[in-house]
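Here is a short tour of one model, taking in a helix, some paired strands and the surroundings of a ligand. Have the structure open as you read.

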Amino acid sequence: MVDPLTLDEVEAAAKKALPSKIYDFYASGADGQRAVARNRHAFSRLFIRPRVLQDVSEVDTSVEIFGARSALPVGIAPSAMQKLAGGDGEIDVAKAAAGMGLNLTLSSQSTSSLEDVMQAKIDTEKGLPGPPFWMQLYLHDDIQKSVPLIRRAETAGYQALVLTVDTPVLGNRLAERKEAVILPKGLSLPNLEKTTPGTKPQPSINRQFMNVRSAAEAKALRKAFGSKMHSSSLTWERTIKELRKVTNMKIILKGIMTAEDAALSVQYGADAIIVSNHGGRQLDETCSTSEALPEVSAAVNGALPVIIDGGVRTGADVFKCLALGADFVLVGRPALWGLAYDGSRGVETVMHILERELSRTMALAGVKNVKEISRGMLGVTNRSGF
Ligand code: FNR
């Protein structure tokens, strides 16, 4: 069998392999799924202005992020419950990333423990460490409740906390409301359940919160569950300050979509930001991340690394993100599709496709390293859908 040649082909293979309920859970966005579509289609409004006769016999796709070299300007975004895709879930993804010298962010809602994922990285690298892994976190309303998980991540060797800030409440995910994805027997969320005693299985709580019919019902539910994992009371004034008191890890804010919040991220001392709309799973009526990137990048003006995720499916998309001012790019669903298609090898297939497409795009555009990719290499058209 010939391996898929594009990420769309990997997705098609994954769709065949997965139960439709799991495929839908991974693929869906919120409400009318407009942000999911917009993330993808906005890339087709951008075109590359190629330069020729530039000696591109050697193309270097590597970048440095927080002082570590990554073979690609692409890492793997955090996504929940990867064992639902089959095999060893997060462990398989970690092996693929570590084997290729790539960074990943582990979801706090993972079906493998953060320690096991770090061990898989160490075992795969065999003494030649690649870029560090990062740990994603939703802060509890009561930040103290998050401290044990933060300590575990720090002890295990995660370099950064990726704090997801676009989820004060869950997005309106219609498929999940109709049919909740419940973890089958034998699967658990070991980061949460081991660290925060009394944590109930999150998917069923999520469903209850999403399906409340009135404000009074929501209030009663909040009272019943006490401190929720998704905090809606965090503010700029206290969040980073309080996290700094409990950890030396770098703090990356995930879910910044405006120049205003980018400026506040710099002001309050974030170490990096991720321009993200959660893969279209939160606010549906927002713009695509590639549309938000230019204003964010201008507001930051080099003060900290700007990372982006959302709808990136080709090496040319990666190129466009870098040209719009991103320092690093993440892919979410493609890793899940790779996993469902062929476990760890499938994730490698995905990242190799991106690697080859990026390197080819760079050569054809006339650049030999990532630093040479600039805003002037892009044009914009109002016609989309090519
Ligand atoms: C996510 N995402 C996510 N983000 C996060 O901060 N914590 C999480 O636990 C999850 N879980 C999750 C599950 C699934 C099934 C998906 C598809 C996404 C969002 C993710 O990190 C990222 O922002 C998007 O997936 C990026 O968009 P693409 O690449 O999937 O289009």
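This is a predicted model: local features need pLDDT of at least 70, side-chain atom pairs count only at pLDDT 80 or more; totals for chains, interfaces and linings use all residues.

## Helix α13

Which residues of α13 are buried? They are Thr-289, Ser-290, Ala-292, Leu-293, Val-296, Ser-297, Ala-299 and Val-300. Because these residues cover an arc of only 155° around the axis, they lie on the same side of α13. Their packing partners are the helices α3 (34–41), α12 (259–267) and α14 (315–323), together with the strands β9 (272–275) and β10 (306–309). Just after α13 comes Asn-301, with a positive phi of about 50°.

## Strands β7, β8 and β9

Now to strand β8, residues 250–254: four of its five residues are buried, so the rest of the structure largely encloses the strand. β8 runs parallel to β7 (residues 160–164), with five bridges joining the two, and also pairs with β9 in the parallel sense, over three bridges.

Thr-164 stands opposite Lys-254, while in β9 the bridge partner of Lys-254 is Ile-274.

## Around the ligand

Thr-164 turns up again here, as one of the closest residues to the ligand, along with Ser-107, Gly-279, Gly-332 and Arg-333. In total, 22 residues surround the ligand. What is the make-up of this shell? Twelve of its residues are polar, six nonpolar and four charged.

Terms used: Residues are numbered from 1 along each chain as its sequence is written. A residue is near a molecule or strand if its C-beta atom, placed from the backbone, lies within 6 Å of it. Ala, Val, Leu, Ile, Met, Phe, Trp, Tyr, Cys and Pro count as nonpolar, Asp, Glu, Lys and Arg as charged, and the others, Gly among them, as polar. A residue is buried if 20 or more other C-beta atoms lie within 10 Å of its own, exposed if 12 or fewer, and partly exposed in between; C-beta atoms are placed from the backbone. The arc is that of the directions from the helix axis to the C-beta atoms. Two residues are in contact if their C-beta atoms, placed from the backbone, lie within 7 Å. Two strands pair if DSSP finds at least two bridges between them.
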